[in-house]
Amino acid sequence: MSLSQAVMEPVDIQELFVHRDILSSDDIEKIVRAASGTQAAEFERMVERLRVEATQTGDHQKAVRAGIGLFFIGKPDEAASLLDGSSDGIARYYRAQALSTLGRHEEAASEFEEAAQKGYDPIDCTLRRAG
């Protein structure tokens with residue numbers, strides 16, 4: 001499959017983003033492609049649904065996915081807030097990304113360090129922390 005075919009091929013956002021227990025870097029890449037391409041509106045609706053459900057039910061996994069999604073759709077304030085206090089490495093990583101986007105670099109560095117300690121890719125976290 002060529003790169004142009006991969007870019008044009010629709011992604012099952014629900015399966016990748018909602019139903020998978022663990023998100024791989026490949027999954028994240030596909031999700032970002034969908035969120036920034038022809039499936040952007042669908043992705044944004046799904047993120048909003050997850051955010052509402054997480055707020056109403058206190059479901060941690062939905063809150064993490066909604067927070068990551070909010071970061072991808074350009075809402076770093078909301079993402080950082082929703083991901084605050086999570087014990088998941090991936091949540092800490094994307095909270096750090098959101099904080100960095102907001103220019104809160106010292107907080108972001110601390111979150112990248114915490115993400116690495118919680119199991120997120122330590123090399124990526126170290127590089128992000130370094131700036």
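Glu 111 is buried, with a relative accessible area of 8%, where buried means under 20% relative accessible area, exposed means over 50%, and partly exposed covers what lies in between (1.4 Å probe, protein chains only). The structure is a predicted model, in which local features need pLDDT of at least 70 and side-chain atom pairs count only at pLDDT 80 or more, while totals for chains, interfaces and linings use all residues. Residues are numbered from 1 along each chain as its sequence is written, and side-chain values use heavy atoms, with hydrogens and water left out.

## Salt bridges

A salt bridge is counted here when a side-chain nitrogen of Lys or Arg lies within 4 Å of a carboxyl oxygen of Asp or Glu, and by this rule the count comes to 10 salt bridges.

| Salt bridge | Closest N and O atoms |
|---|---|
| Arg 51 and Glu 48 | 2.4 Å |
| Lys 62 and Glu 53 | 2.7 Å |
| Arg 95 and Glu 111 | 3.2 Å |

Arg 95, the partner of Glu 111, counts as buried at 8% relative accessibility. Arg 95 lies in helix α7 (residues 89-101) and Glu 111 in helix α8 (residues 105-117), so the pair ties together parts that are 16 residues apart in sequence; helices (H or I, at least four residues) and strands (E, at least two) are DSSP runs, numbered from the N terminus. Salt bridges that share partners also join Asp 84, Arg 92, Arg 95 and Glu 111 into one network.

Arg 51 and Glu 48 both belong to helix α4 (residues 40-57), where they are 3 residues apart, about one turn of the helix. Arg 51 counts as partly exposed at 25% relative accessibility, and Glu 48 is likewise partly exposed, at 33%. In the pair of Lys 62 and Glu 53, Lys 62 is partly exposed with a relative accessible area of 26%, and Glu 53 is partly exposed at 29%.

The side chain of Arg 92 reaches the backbone oxygen of Ser 86 at 3.0 Å. If neighbours within four places in sequence are left aside, Arg 92 is in contact (heavy atoms within 4.5 Å) with Ser 86, Glu 111, Glu 114, Ala 115 and Lys 118.

Asp 27 lies in helix α3 (residues 25-35) and is buried, with a relative accessible area of 5%. The side chain of Asp 27 makes a polar contact with the side chain of Arg 20 at 2.6 Å, a polar contact being a pair of N or O atoms within 3.5 Å; within protein, one must be able to donate a hydrogen and the other to accept it, and residues adjacent in sequence count only if both atoms are side-chain atoms. Apart from neighbours within four places in sequence, Asp 27 is in contact with Leu 16, Arg 20 and Ile 22.

## Aromatic rings

A search of the whole structure finds 7 aromatic pairs. The rings of Phe 71 and Phe 72 have their centres 5.9 Å apart and their planes at 55 degrees, so this pair is tilted; rings of Phe, Tyr and Trp (its six-membered ring) pair if their centres lie within 6.5 Å, and planes under 30 degrees apart count as stacked, over 60 as edge-to-face and the rest as tilted. Phe 71 is buried, with a relative accessible area of 18%, whereas Phe 72 is partly exposed, at 21%.

Phe 71 and Tyr 94 form a tilted aromatic pair as well, with 5.9 Å from centre to centre and 50 degrees between the planes. This pair links distant parts of the chain, since Phe 71 is in helix α5 (residues 60-72) and Tyr 94 in helix α7, 23 residues apart. Ring pairs link Phe 71, Phe 72, Tyr 93, Tyr 94, Phe 112 and Tyr 120 into a cluster.

## Helices α8 and α9

Helices α8 and α9 pack at an angle of about 170 degrees, with their axes 9 Å apart; the axes are lines fitted to C-alpha atoms, for helices over the stretch in contact, and angles run from 0 to 180 degrees between N-to-C directions. The two helices α8 and α9 are therefore roughly antiparallel to each other, given that angles under 35 degrees count as roughly parallel, over 145 as roughly antiparallel, 65 to 115 as roughly perpendicular and the rest as oblique. Ala 109, Phe 112, Glu 113, Ala 115 and Ala 116 in α8 meet Pro 122, Cys 125, Arg 128 and Arg 129 in α9.
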